[in-house]
Structures are given as C-alpha cells and as structure tokens.
Amino acid sequence: MSSLTTVLNIATSSLSTTSTDSSVVARNIARAGDPNASAKVMGRYTTFDGGVRPAGINRLADAALFESAIGASTSSSASQARLDALNQLYATVSDPELELSPSGKLAALNSALQDYASAPQNPATGQAVVTAASEMVMTLNSATDVTRQVRWGADQGIADAVDSLNRLLGDFDETNEAIMRGMVLGRDVTDLLDQRDTQLRAISGLIDIRTIERDNGDMVIFAGDSLTLYESGPRDVTFTLSTPLADGAIGNDVSIDGIPVSTSGLGNGVGGQIGALLSIRDETSITYQRQLDEIARGLIEVFAETDQSAVPTLTDQVGLFIYSGGPAVPPSGTVVDGLAGQISVNPAADPSQGGSIALLRDGGFSGASYIENTAANEGFSDRLLSYAEALSADRSFDSSADIESTVSVLAYASASAAWLAEERTVASVAAESAEIQRDRTNEAWHNAVGVNIDKEMTTLLDLERSYQASSRLISTVDAMFNALLQATG
C-alpha cells in the first residue's frame, strides 16, 4: 500500500510539474515574434520520495552577447545619424556633372570671365559674367542655408534625444526597482528582466553605455567611459537649445550631473546618437561651412580693387563681390564665419540695379583712385585677364577648414567638394557595416537565448507525452487501489 502511495505521489507531482512547464512553454510561444524576448525555462527539484516539483522560472541569458548587442546598437545609431546629416550637406554639391556645386559655379564664372576678356567691348559677355557671379553667390548662400539647417537640426535632435534619454532612464528606474523587489520576495521577474534589457537597448542607441549588475538584480549604468548615468536612480541629463546658434560657434553642452560630455571616445565621450549629433553640429558642419566661407573670401580677394595711383596709399576695397563687413577686404588666410551667407554681387556692376558692367572691366567700384582703364578703352582686357589668372593662382586659406591651406580658389572649391564626398562615402560604408554588425549580433543573441518556436513546439509535444504517461500511471494506481479495496472488503 505504501509503495502505491509513493507511486501516486510521484505521478501526481509529475502531472503538476508538467502542467506548470506547459504554461512556461506557452509563454515562450506567445512571445516568439518578440526580438527582445529571452526563452524561459522552469527549474525542478527532486522530492524525498523521488517526485519532481517546480523550482522557479529562469530565463536564458548570455551577458557577453548582450553587451555586444548594445554596443552594436550604439555604433549603428551613431553611424546612421552621421550619414543622414552628411546626405543633407551633400545636396549642396549634387552631381558634379550638373555644375550646381560651388566648384561647378566657380568654373562657370571663370569661363565667363575668359569669354569677356576675349570680347571686352561686348556688353553681352560682360552680362554673362555678372549672371555667373550671381549664380555663384546664390549657390554659396544656399549651401550656407543648408549647413545652418543641418546644425540647427542637429541641435534640436540633441534636445529630443536628451528628452528621450531622461524618459527611458525614468522607465528603467521603475523596472529596476520592480526587479529588486521581486527578487527579494522570490517572485518571477524574468519578464521584467526582458523589459529592462529592452530599455537598455533603447538607451544604448542614444548614448554609449556599459552596465554592472549588483545584488538582488540591481544595475548601475555608466555613460561613455566614466560618467554614472544610473545608480539607485537616474542621473540628471541636461541640455539647452543653442539659440541662436551663431556661425562657427560651438553649441551648448550636454551634461550629466553637471559634467559636460564630449563627442570622442576618450574622457567623457558619449557616442551613440547624441555623440554623433554633437559631432555634426560642432565639427563636421562647422568645417564645411568654413570651406564655403573661405571660397567666398577667396572670391572677394580675387575681385578686390587696388589703389591705381602713382603712389598708392589707399587700402584694397571690395569689387565685384561685397559683404556686410565691406568695403575693406577680409584679412588674408583667416576665415570669416558665415561669410558665404553674406556675400553678394555688387549692385554697381549689375545693370538691372542701375549699375554698369564696365566697372568690372575698367575698375572704379570704390572711386576714381581704383580705375585701371583710365582711357576708357573698350578693348581693355588686362583687368579681366588678371581676374582669371587670380582664380588659378595660389593663395592662403585658413587651415581650420581641413583643406590644404595654399591652393587656388578653383582648386580649393574642388577640394571642398571632394572632402564632402569622401566624408559621405566613409559615413555610408560605416553605417552599412554598423547595421550589418548590429543585425548579426542581435541574431547571435537571439539564436543563443531567444525563443525558438520549433524547439518550443517539440518541448510541448514531449510534455504532452509526459502528461499522458503520468495520467495513465495515476489511472493504473487508482485501479490497483480499487482492486485492493475490493479484495479486502
């Protein structure tokens, strides 16, 4: 009789355990399409009489793979943010064959100058120069507008990302606290752990992080290399929109607990989308804007007028191209931030504005002392030829624009287009590579710890067979009990 009771207890415990196990499998199957879900497994322990009882629910985990996954998320998010910004900047260059870039418009201006030099008496060829100059100015103005929009967009993007980060940290805090309470009370917290991992993935897209897990499931998050982002509560991440965002000026910092973060991977470098946007706003866009500004300054220099007196005493003055800081010519070799947005064609050279094309040929934008063709010779071409030569002559450029500092204006404009194209190409390759790495890392993580629907269905069939076997065993024991009772009755 005692043996039958023991067998009945074993079969009953097996039936109960199988039922619990089936519910765990059902949970897994329900989340089979969730890329952030880890597979849950039920622990068991053996009772003193040989039965099996549930011992709590655990989840599959691989800390190393998960760390790689959040790192890949950081890299992919940063690379894509950088590529998106560079694609916008690249619109200012467009297809070189369309000659819509500053380099293309400058080449067209040079060609028009040479045509005018070959027929200086023809107002039509002079008008072509003024038209080409106007298109050159519009291209520089438009490129500056785009660059400013990219900088302002990056600044707004930083503000939005910081808001999202603070919200995610608040959500993380609630989840982390729930996990700690659940562990202390011995509750099933596996779904909460999945939820916390999902929040970490989202945070890692915004900023580079690393984590440390402590007792009772408590977790600490570090930003970059050293700054604490979360410990027993979220740290204060702050940012104020940089309004106005002046040309060439560095925008406001992102701070964690009052400590400014940088865009690099050293010191307090943050990485992720926030790091990429900081870099776009304060480095890439400023560099490209300075290239545009240096092209504008080069043009003003090339077409500047000099004192033609026998004993020159007057300073050089602007000629065909003017800007808000005129009539003095900007200092040579020194960038004037935002100059490409200020440059315009001198109205004195534009007949549609009451000007005279002859001033371009003869000089005198700034007065009689600057007239070179004093005899008003209609065939005078020396000044026009000197402009064309000056466009091809080496001059000094500010080295902060990341282009060779001693080249011609024509070569500088071409180098600027090449610089932007290369930056975009490198960013495109990096974004594609980072996306592939992210997908492969996530796939490796999912293969290791995620829900495998085929495996779960196989397990469910095994549990069904176990349930049937336990049921049959209980029925057999029941029949044997009945037989014994009848025999003794």
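**Exercise 1. The largest pocket**

Task: State what volume the largest pocket has, and describe its lining.

Solution. Step 1. The volume of the largest pocket is about 400 Å³. The model is a predicted one, in which local features need pLDDT of at least 70 and side-chain atom pairs count only at pLDDT 80 or more, while totals for chains, interfaces and linings use all residues. Residues are numbered from 1 along each chain as its sequence is written, and side-chain values use heavy atoms, with hydrogens and water left out.

Step 1. The search uses a 1 Å grid over the protein atoms alone: a pocket is an open set of points with protein on both sides within 12 Å along at least five of seven lines, a cavity is a set of points where a 1.4 Å probe fits but cannot get out, and lining residues have an atom within 4 Å of a point. Grid points are joined across faces, edges and corners, and a volume is the space filled by probe spheres set on the points.

Step 2. The lining of the largest pocket has 20 residues, and those nearest its centre are Ala 63, Phe 66, Thr 211, Glu 213 and Met 219. Two or more lining residues come from each of helix H2 (63–90), helix H5 (190–206) and strand E3 (209–213). Helices (H or I, at least four residues) and strands (E, at least two) are DSSP runs, numbered from the N terminus. With 5 residues, H2 gives the most to this lining.

Step 3. By class, the pocket lining has 12 nonpolar, 1 polar and 7 charged residues. Here Ala, Val, Leu, Ile, Met, Phe, Trp, Tyr, Cys and Pro count as nonpolar, Asp, Glu, Lys and Arg as charged, and the others, Gly among them, as polar.

**Exercise 2. The largest cavity**

Task: Determine which residues line the largest cavity and which helix gives the most to the lining.

Solution. Step 1. The whole structure holds 1 cavity of 30 Å³ or more, and the volume of the largest cavity is about 30 Å³.

Step 1. Its lining consists of Val 93, Pro 102, Ser 103, Tyr 288, Ala 413, Ser 416 and Ala 417. Helix H3 (102–118) and helix H10 (409–449) are the elements that give two or more residues; H10 gives the most, with 3 residues.

Step 2. The lining of the largest cavity divides into 5 nonpolar and 2 polar residues, with no charged residues.

**Exercise 3. The backbone in loops**

Task: Locate the cis peptide bonds to Pro 244 and Pro 327, and the positive phi values of Ser 232 and Asp 402.

Solution. Step 1. The bond from Thr 243 to Pro 244 is cis, with omega near -5°; Pro 244 lies in the loop between strand E6 (237–238) and strand E7 (255–256).

Step 1. The bond from Gly 326 to Pro 327 is cis, with omega near 10°. Pro 327 is in the loop between E9 and helix H7 (339–342).

Step 2. Ser 232, a residue other than glycine, has a positive phi near 60° and lies in the loop between E5 and E6. Ser 232 counts as exposed because its relative accessible area is 55%.

Step 3. Asp 402 is not a glycine, yet its phi is positive, about 65°. Asp 402 lies in the loop between strand E11 (395–396) and strand E12 (406–407).

Notes
Buried means under 20% relative accessible area, exposed over 50%, partly exposed in between (1.4 Å probe, protein chains only).
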